[in-house]
Amino acid sequence: MQLKLDEKKIRKGRPIGLPYIGSKKKIAKKLIEIIKQNFGTDKTIYDLFGGGGAITLECKLQGLDVVYNDIDPIPGLMIQKILSEDREYIKTLICSREEFFQIRDKEDKTIDDHLKLLINSFGNNCKTYLYSKKHSDIKYKLGKEIIEKHDCFYGYKQTKTFKEFVEDEENFNSLDWNKRPEKLQVLEVMQRLEQLERLQQLERLKQLENIQDIEANKEIEFHNKDYREFSDIKNSIMYLDPPYEDVNKVYKYNSLNYEDFYSWCKEMSEDNIVLISGYNMPDDFEKVYEFRKAKSTFQGGHHKNKYEKLFMVKDNQ
């Protein structure tokens with residue numbers, strides 16, 4: 001079975017969600033359109049391995065009834081925090097290299113702390129600072145200055161502050177990078193301020209505030225349960241994006257027994273539409289869609305250069 005998709009109907013605009021490891025932002029708009037075109041819009045969608053919220057937030061943006069769940073409580077709390085705060089709060093989330101490591105080493109972290117670690121870390125791993133030690137101070141200070149003087153995340157390259165910086169020879173001479181090849185390398189590094197780009201991603205979550213439909217504007221239901229606690233669900237759509245077997249070390253809470261999970265999926269498909277993301281599944285599941293433009297970003301696993309796929313249980317569609 002191959003699910004249909006008229007790509008002309010896919011929502012325009014950028015995807016939304018936390019900048020999160022394993023995020024489904026690359027496929028979220030297309031996935032929700034697949035659900036709408038093949039299964040309608042009248043069923044509740046259960047996003048049971050919700051992570052950074054890309055699927056849940058896309059559902060909500062399009063007016064679909066959705067329930068978010070992730071066994072790790074932190075991402076859900078981060079999403080709720082961003083949705084409850086204003087733009088001024090988002091501005092406070094970039095931090096220096098020194099502050100980042102102070103927060104990382106704290107025993108008890110607040111949701112603000114977790115957001116700062118996420119936004120300011122390399123690969124969103126919450127462990128290593130986004131910028132190398134060589135460039136960290138100057139990139140952080142430039143980002144802060146642009147926020148203070150121009151109040152912007154998007155379009156920062158067009159600000160007077162950014163343009164003057166990259167055109168000023170003294171900014172590179174002062175760093176003892178006097179040779180032309182090194183200057184060009186530094187200039188290339190300075191062409192992106194990733195901290196501002198990530199704040200822009202958070203700001204996109206505020207699109208949900210523009211939903212006018214009363215039914216669609218209900219608060220999202222958030223849970224942090226084991227997926228098996230949803231075993232009594234019927235007549236719904238279950239979207240499952242479990243941690244993949246050979247990259248499970250990336251996920252703090254992954255103790256998934258895959259055989260039990262596959263059995264549960266087959267059982268739940270008797271009374272629900274069950275859709276599972278992955279690269280490979282056992283023989284009693286079949287591929288129903290392949291996202292040819294969404295490659296794996298995991299460098300350490302065996303899935304590099306493979307494409308995301310959508311699976312369903314055979315003979316139960």
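The structure is a predicted model. The chain contains 12 helices and seven strands, and its mean pLDDT is 86.

**Fold and packing**
- Of the 317 residues in the chain, 52% are buried.
- Contacts between residues at least 6 apart in sequence were examined for their span, and 70% of them join residues at least 24 apart.

**Surface**
- The accessible surface of the chain amounts to about 16,600 Å².
- Carbon and sulfur atoms account for 45% of that accessible surface.

**Confidence**
- A pLDDT of 70 or more is reached by 82% of the residues.
- Residues 177-181 have pLDDT below 50, and this stretch makes eight contacts in the model beyond near neighbours in sequence.
- Residues 296-303 also stay under 50 in pLDDT; for them the model has 19 contacts beyond four places in sequence.

**Cysteines**
- Zero disulfides are found in a search of the whole structure.
- Cys59 has a relative accessible area of 0% and is therefore classed as buried, because the cut-off for that class is under 20%.
- Cys126 has a relative accessible area of 25%; this value lies between the 20% and 50% cut-offs, so Cys126 counts as partly exposed.

Definitions and conventions
Residues are numbered from 1 along each chain as its sequence is written. This is a predicted model: local features need pLDDT of at least 70, side-chain atom pairs count only at pLDDT 80 or more; totals for chains, interfaces and linings use all residues. Side-chain values use heavy atoms; hydrogens and water are left out. Helices (H or I, at least four residues) and strands (E, at least two) are DSSP runs, numbered from the N terminus. Buried means under 20% relative accessible area, exposed over 50%, partly exposed in between (1.4 Å probe, protein chains only). Contact means heavy atoms within 4.5 Å. Accessible areas come from the Shrake-Rupley method with a 1.4 Å probe; for residues, only the protein chains shown count as cover. pLDDT is the predictor's confidence in each residue, from 0 to 100. A disulfide is a pair of cysteine sulfur atoms within 2.5 Å.
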